[in-house]
Amino acid sequence: MADNQQPQFALQRIYIKDASFEAPNSPQAFTKEWKPEIKLDLNSGARKLDDNHYEVSVKVTVTATNDGETAFLVELVQAGLFAMVNIPEQQLKPMLGAMCPNILFPYLRESIDSLVVKGGFPALMLAPINFDALFQQRMQQEAQQAQAEPAEQETTH
């Protein structure tokens, strides 16, 4: 019965948790030459639902300005329900912080593109994002903050 202790990972569902599209300056935005400036904000997060299930989400906000005016604003939260059983603690964080967002991103990318096109604008294919590198960067920042905090506490005494 040692098989019951095997680590198990399964994607159970991918879904859009929240979506918003705004084109505040349409139809005037369509009459101007299209040379947009694109601003992208991205966040990911995870929450434990029970002993074996986690919800991982990737939130993106895309703001396109053209000729100094907002052409469109898209906000989307792409989420997934993941089953994780017997995953060692040291592997859990990278799975939730990098591997799962990597799985969700192509779906988020397609949904953003679809909303933008349905809004009357040219297709917007987001560039791939390296969630592994972002996760490593976040872990380094957390480690640096953890090291800095005891030093700050010592100086306040």
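Phe-72 is buried, at a relative accessible area of 1% (buried is under 20%, exposed over 50%, partly exposed in between, with a 1.4 Å probe and protein chains only). The model is predicted: local features need pLDDT of at least 70, side-chain atom pairs count only at pLDDT 80 or more, and totals for chains, interfaces and linings use all residues. Residues are numbered from 1 along each chain as its sequence is written, and side-chain values use heavy atoms, with hydrogens and water left out.

Phe-72 sits in strand E4 (strands are DSSP E runs of at least two residues, helices H or I runs of at least four, numbered from the N terminus). Its contacts, heavy atoms within 4.5 Å, include Phe-21, Trp-34, Val-62, Val-116 and Phe-121, not counting residues up to four places away in sequence. Ala-146 is 74 residues from Phe-72 along the chain, and their C-alpha atoms are separated by 39 Å.

The largest nonpolar core has 27 residues. Such a core is a set of buried Ala, Val, Leu, Ile, Met, Phe, Trp, Tyr and Cys residues joined through side-chain atoms within 4.5 Å. Val-62, Phe-72, Met-84, Leu-108 and Ile-112 touch the most other members. Strand E3 (53-66), strand E4 (69-85) and H1 each supply at least two residues of this core. H1 gives the most, with nine. Met-84 touches, among others, Phe-9, Tyr-54, Leu-92, Met-95 and Cys-100, not counting residues up to four places away in sequence.

**Aromatic pairs**

A pair of aromatic rings is described by the distance of the centres and the angle of the planes. Rings of Phe, Tyr and Trp (its six-membered ring) pair if their centres lie within 6.5 Å; planes under 30 degrees apart count as stacked, over 60 as edge-to-face and the rest as tilted. The count by this rule is eight aromatic pairs. Phe-9 and Phe-82 are stacked, because their ring centres are 5.7 Å apart and their planes at 25°. The pair links distant parts of the chain: Phe-9 is in strand E1 (residues 8-22), Phe-82 in strand E4, 73 residues apart. Phe-9 is partly exposed at 31% relative accessible area, whereas Phe-82 is buried at 0%. Ring pairs also join Phe-21, Phe-30, Trp-34, Phe-72 and Phe-121 into a cluster.

**Loops and backbone**

The peptide bond from Ser-26 to Pro-27 is cis, with omega near 5°. Pro-27 lies in the loop between E1 and E2. Met-125 is in the loop between helix H1 (89-118) and H2. Met-125 is exposed, at 53% relative accessible area. Met-125 touches Arg-109 and Asp-113, not counting residues up to four places away in sequence.

**Largest pocket**

The largest pocket has a volume of about 160 Å³. On a 1 Å grid over the protein atoms alone, a pocket is an open set of points where a 1.4 Å probe fits, with protein on both sides within 12 Å along at least five of seven lines; lining residues have an atom within 4 Å of a point. Volume is the space filled by probe spheres set on the points, which are joined across faces, edges and corners. The lining includes Leu-42, Asn-43, Gly-97, Phe-131 and Arg-138. Strand E2 (37-48) and helix H2 (131-156) are the elements that give two or more residues to this lining. H2 gives the most, with six.
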